[in-house]
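Dear colleague,

Please find below the structure that I am handing over to you, followed by a summary of what was found in it.

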Protein chains: 2
Amino acid sequence: MEADEFRQRGREMVDYIADYLENINQRRPFPEVSPGYLKHLIPDEAPSSGESWDSVKADIERVIMPGVTHWHSPHFHAYYPTGNSYPAILGDMLSDAIGCIGFSWASSPACTELEVSVMDWLGKMLQLPKEFLFSEEGKGGGIIQGTASEATLVALLSARTTIINKQRAENPNMTQGQIIDKLVAYTSEQSHSSVERAALIGMVTIRTLPTDDKGSLVGDTLQAAISTDIEKGLIPFFLCATVGTTSLCSFDKISELGPICNKYGVWMHVDAAYAGSACICPEFRYLLDGVEHSMSFNFNPHKWLMVNFDCSAMWVKDRTLVSGAFEMDPLYLKHEHQGQIMPDYRHWQIPLGRRFRSLKVWFVLRMFGISGLQQQIRKDVLLAKQFGQLVADDSRFEIVGEVTLGLVCFRLKGPNSANETLNKKINDDRRIHLVPSKVKDTYFLRFAVCARGTQMSDVTFAWSVIREITDKMALIPTGQ
Amino acid sequence: MEADEFRQRGREMVDYIADYLENINQRRPFPEVSPGYLKHLIPDEAPSSGESWDSVKADIERVIMPGVTHWHSPHFHAYYPTGNSYPAILGDMLSDAIGCIGFSWASSPACTELEVSVMDWLGKMLQLPKEFLFSEEGKGGGIIQGTASEATLVALLSARTTIINKQRAENPNMTQGQIIDKLVAYTSEQSHSSVERAALIGMVTIRTLPTDDKGSLVGDTLQAAISTDIEKGLIPFFLCATVGTTSLCSFDKISELGPICNKYGVWMHVDAAYAGSACICPEFRYLLDGVEHSMSFNFNPHKWLMVNFDCSAMWVKDRTLVSGAFEMDPLYLKHEHQGQIMPDYRHWQIPLGRRFRSLKVWFVLRMFGISGLQQQIRKDVLLAKQFGQLVADDSRFEIVGEVTLGLVCFRLKGPNSANETLNKKINDDRRIHLVPSKVKDTYFLRFAVCARGTQMSDVTFAWSVIREITDKMALIPTGQ
C-alpha cells in the first residue's frame, strides 16, 4: 500500500471509527465468545502474498468485533474508564506517521520537548507543588510513563537505589543482598495489585497495611508499622499511597502519611491513577492535599482525561534520583546536547524506546480546554451520584464505601453468595457489564461511569437491568 | 469534537500523513534546533477553553516539525530502522478506536486471541522450534512486549524467580538476599545497554564477557566464566545472547552457547531485536541456528518488519516460569474463563495494561504477505552491500566488522580523532544523519539502511556527501 491507496483507505478507516463510536450503544458491551473462538476464523499461517484491503477490512466485523469488550459503550461499567476521544486519535495518527523513537533529546527533540511542556501544563492544572515542575528552578520534572504499574515500579526502584547508596556509604562492607533483606516497603491492603508486583520485581519485603472503615490508610497505622520494623532492625524505605483505590475509590490520608515518611526518610509515592484527573476541578483538588510531602506522584490521563491508552503522567521532585537508578550511556546513544536543559527520558523509565505520546495529550488539552475536561469529570461524578441515589432508594441494596467520584460500590443486603449470583446474572444477561470486588470479606459490585458518552438515560437503563434481574432472583425459592 | 467533525479532520490528517511521508526526502533528516526551542513557541499553560482544529493543525508545521528527527527519511542512517507502513498506521487507528485495555482475556477476548494467533504466525515465519508456539502441545507461547528492553527484563526476572525457587527448595534457610548475592548473569560486551540495565533492576551481578575479533561471544569464553564463578561458590543463572548487536550487527554463537547453558541450568535468552526480522528469509535463517537451546527469544517487528513502534515479539518455552514470576490476581481482574486455553497476558509483562497491538501486526502481515516483507529485507541488505562496496573502493576508508544485513560500519583509516571529526562534520552538514560507535577502542561510523523507501540513489547520495566532507577535511592542514 502506497500513499495514494492510503489516502483512500485512511478515509474509510476514519469513517469506520466514527461509525463504530457513534453507534456503539447498539453493540452488547461484553462479547458472547468462548476462549479459542478466533483461531477458527483465520488461517494458521500468514499469507505468502499480500491480500487486498477489502478482505482485511471485512474481517474487522467478521473476526475482531465479535470478540471485543466495548469499553466505550455507555453500558460498560467495569473496572475504571479508559480514555478515548477524537483529538487523541488524531494525535496518535500523527505520532505513528512521524514514527520517531524518542529515547534521547537528539533522537527527536520535539518528542522530548513537547512532553516537557505538556507535563508542566498538566502539573499546573493539578496545582502540583512547584518542585515537581520543570519550569521552576530545581530538580523536579514530569514524564509520560505507559501505565501506573510502571510509574510505581520506577518510583520503588528509584527509592531502592537511593537507600542502598545511603546504606553502603554508611556501611561499606554490607552486600546488596544484606541490605535488600532489610528493606521494607509499605502500601495499603486496598492498593492496586501492581504495587505488590513492583515489590516482587524489586525483591523487597512489602507490608500491605490495614485500612480504616472507609478503606483509607491512616498515619497511626503507618507509624506503628515503621516503628515495629525499625525495632526489628529493618529499614523502611518506600510507601505507595493511593488516591482513589481500585476496589472502592477510597483515599489514603496522604497529609498524615507524608510527614511520617519524611521523618523516617521513607520515599512516599502517590498513585492517583484514576482520581487524579478529577483534581483539575477546584472542588476535588482537596483529594491531593498532602502530595507536597511525596517524592513522586502519578495519575493516568488515559483513564479519565480523554487521552487514549497509554499515558500515565508521573512527576518526581528529584529527577537525579530516578535517572541515577537507570542510567546507561553507550556511545551510540550519546549526543552533543546531552544533559543540557532537556532530559533524556530513557533514563527515567523501564523501556529504552518511547512513542511520541505527548502529541495526543497536547491535542486533547487544546481542543477540549481545561473547562471542557472539567465538564466531563463533573458530568461523570453527577451520574455516579444519581446512580448512588437510585441504589439508596431501593431498600434491598446498600452502598459500600462512599460515592466521591465516578464509582458506586453497592450490594444486596445479606450474604455474599446472593451478590455473587447477581453479578453472574448481570454479566450473563450482557446488556450491561460490570465487575465485582471484595473488601474485608464483603463481596460487592462496582458500577463505574466509564464511556465519554454515558448519559443519565444509560444510568437509569443500567439500574433497570439490575432491578429486573434482582426481581427475578427473588422469585427463585431459596436453596435452589 | 464529535463524529461529524472527526470525519472531516480525520481525512485532513490522513492527507497530512500521506503528504508527509511522500515528500519526506525534502526535509533534512536531523533538525536544526537547540535544546529548549519548543517552549518559546507555545503558551506556558493549557488553554482554559477549547481551541479550533485549524489552530492545532497549523502548529504541527510551526511547532513540531522543526524539531523532528525524521526517522523515515531516506537520508536517515542512524541507530537501526524503526518500522512504519500504511497498513500498520491503519491497524493502530483501529486499535485506538476500540481502545480496550487487554490485561486479561475477558477485558477484550479479541485482543488476547489475535495476539496468540499472530505470534504463532510470526513464529512459523521464523521457523522457531515448535516448543515456542501456542499451537503445539506444551507450555510455549508468544507475547507482544513493548520493547526489547522489556523482553530482556522479563526473561531475566523469570530466570531469577526460577533459580531462587530452586535454591530455596534446596536450602530453606537461605534468605533472598543471600541468594541474590550469589547470582551471576552473563552477556557480551557488545550487547545492548538494556541488558546491563535489566541486571541493575534485577539486582544481580552481570559479567560483560569479551567477544572474538568479529564481535561474537563464543562458547569457550562463556564456559570459562561459568567455571570460574562456580569455583567461587557463585550461581550462574542467566545469559542474554545477541543475534545482531547494536554497534556492529555481530552475532553471538548461540549454537555453542546454548548447550553450555543447558548443561549448567542457565536460562539462555536470545535477543535478535534487529536481525530477527531478516530470518523470515530462508537465506538468513541460519543466523538463528541454536535458538532451540534458548528458554526465551525476542525480535522487534517494529524495527525491520514494517510494524510501527512499539512491538517486540517474545516467545518462551515455558510460560508458567514467566507468569510465576509476576502473577497477582485480585478479584476485580478475575474472570470465569481464567487460565482456560487462552493466556492472561498481564502475567507475562511489566505493565498491567496493554494496547491492541496485534492489529497492526495482522494488517502488515496480511497486506504485504511474507513475500512482500522478504522483498523489503532483501532490498535493504542489497543496499548495505552496495554501500559497503563504495566504502571498500575508496582507499581512505576501511570496513569495521562484516556487512551481513543492513548495517555498514566504516571508518577513515587512521586515528579515532579523524573519525570523530568526520562524524561531527557529517551531522553538522545535516544532509544525512548517522551515529558513531566504538568497539575495542576503535571509533567508527555506522551506516544503517533505515527508511522503507530508501533506494540506491539515496545510498549513492549519502556516499557522495561523506566523500565530499572527507575531501574537504583533507584540505585542512593537520593540527588545526
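Leaving aside residues up to four places away in sequence, Gly123(A) touches Leu128(A), Leu133(A) and Trp315(A), where contact means heavy atoms within 4.5 Å. Gly123(A) and Trp315(A) are 192 residues apart in sequence, yet 8.2 Å apart in space from C-alpha to C-alpha. Gly123(A) is buried at a relative accessible area of 0% (buried means under 20%, with a 1.4 Å probe and protein chains only).

This is a predicted model, in which local features need pLDDT of at least 70, side-chain atom pairs count only at pLDDT 80 or more, and totals for chains, interfaces and linings use all residues. Residues are numbered from 1 along each chain as its sequence is written, chains are lettered from A and ligands numbered from 1 in the order in which they are written, and side-chain values use heavy atoms, with hydrogens and water left out.

As for the two chains, 148 residues of chain A are in contact with 148 residues of chain B. Between them the chains bury about 12800 Å², 65% of it on carbon and sulfur atoms; this is the accessible area (1.4 Å probe) that two parts lose on being put together, summed over both.

The count of salt bridges between chain A and chain B is 14, each being a side-chain nitrogen of Lys or Arg within 4 Å of a carboxyl oxygen of Asp or Glu. One of them joins Asp15(A) to Arg11(B), with the closest N and O atoms 2.7 Å apart.

Key
Buried means under 20% relative accessible area, exposed over 50%, partly exposed in between (1.4 Å probe, protein chains only).
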